[in-house]
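Please consult the sequence and the model while working through each solution.

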Amino acid sequence: MRLFDTELKELRDGIMAMAGVAEEMIDLTIQALTEPSPAKAEQVNQLDRRMDEWELKLDQQCIDLLALHSPAASDLRRIASSLKIIPELERIGDHCCNIARRVSLVHPPILAGNDLEQLGTETRNMVRRAVDAFVSSDAALAQAVILSDDSVDALYGKIYRDLLRIMLADPLCIERASHLILVIKNWERIADEATNIAEEVLFILDGRNAKHPYLRGNSVE
């Protein structure tokens, strides 16, 4: 195997490892919110350091690959997209920390049903499938992840409206509801990060930019 291929595989393995930490943070965040568990919330915060370390390490690997090997075609697209996927994963960690910091502020629960847990679960599934699409080079799965974002957005909107109604009905719930709005906004942002990763997978596979489809056919002068 050529040195370049070996280093490209090391980059891919590193991204998979970083994604594994991101998924662990998401699982712990869901558990910390549901139980509730300040100890698991603290674990989330501690894992964020590993995400930051991975980001710096993988960024440097990408730069070295570009500088030393002058890659072309699909190899160039994979490295360029990796430079975008790595910060998406790092931001997922940041959003988990934002949620974890509010675990003690959103209890006892004021939302009926399990919508909040479902939002976390659907978001986690999007991240997992986006990573799977990257690992297995699966364009169909990447496209499915992008379509899933509408479902998360709809659930986010429903919970947001429920929280507004709760605040109007009971001013004593305003503080908890305000923290919950920030919680669901962070889940929604994680779903957006998963969508962005899926879009990069499509770019790696066929060179097609999947971002901003409404601009397709228009060009900037």
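**Exercise 1.** Does Glu 200 count as buried or exposed, and at what relative accessibility?

*Solution.* This is a predicted model, in which local features need pLDDT of at least 70, side-chain atom pairs count only at pLDDT 80 or more, and totals for chains, interfaces and linings use all residues. Residues are numbered from 1 along each chain as its sequence is written, and side-chain values use heavy atoms, with hydrogens and water left out.

Step 1. Buried means under 20% relative accessible area, exposed over 50%, and partly exposed in between (1.4 Å probe, protein chains only).
Step 2. Glu 200 has 5% relative accessibility and therefore counts as buried.
Step 3. The residue belongs to helix 6; helices (H or I, at least four residues) are DSSP runs, numbered from the N terminus.

**Exercise 2.** Which residues does Glu 200 touch, not counting residues up to four places away in sequence?

*Solution.* Step 1. Contact means heavy atoms within 4.5 Å.
Step 1. On that basis Glu 200 touches Ser 81, Lys 84, Ile 85 and Lys 211.
Step 2. Ser 81, in turn, sits in helix 3 and is buried, at a relative accessible area of 1%.
Step 3. Beyond its neighbours within four places in sequence, Ser 81 is in contact with Glu 200, Phe 203 and Ile 204.

**Exercise 3.** Describe how helix 1 and helix 3 are arranged.

*Solution.* Step 1. Two packed helices are described by the angle between their axes and the distance between the axes.
Step 1. Axes are lines fitted to C-alpha atoms, for helices over the stretch in contact, with angles from 0 to 180 degrees between N-to-C directions.
Step 2. The axes of helix 1 and helix 3 come within 10 Å and cross at roughly 20°.
Step 3. Helix 1 is therefore roughly parallel to helix 3, a term for angles under 35 degrees.

Definitions and conventions: Helices (H or I, at least four residues) and strands (E, at least two) are DSSP runs, numbered from the N terminus. Angles under 35 degrees count as roughly parallel, over 145 as roughly antiparallel, 65 to 115 as roughly perpendicular and the rest as oblique.
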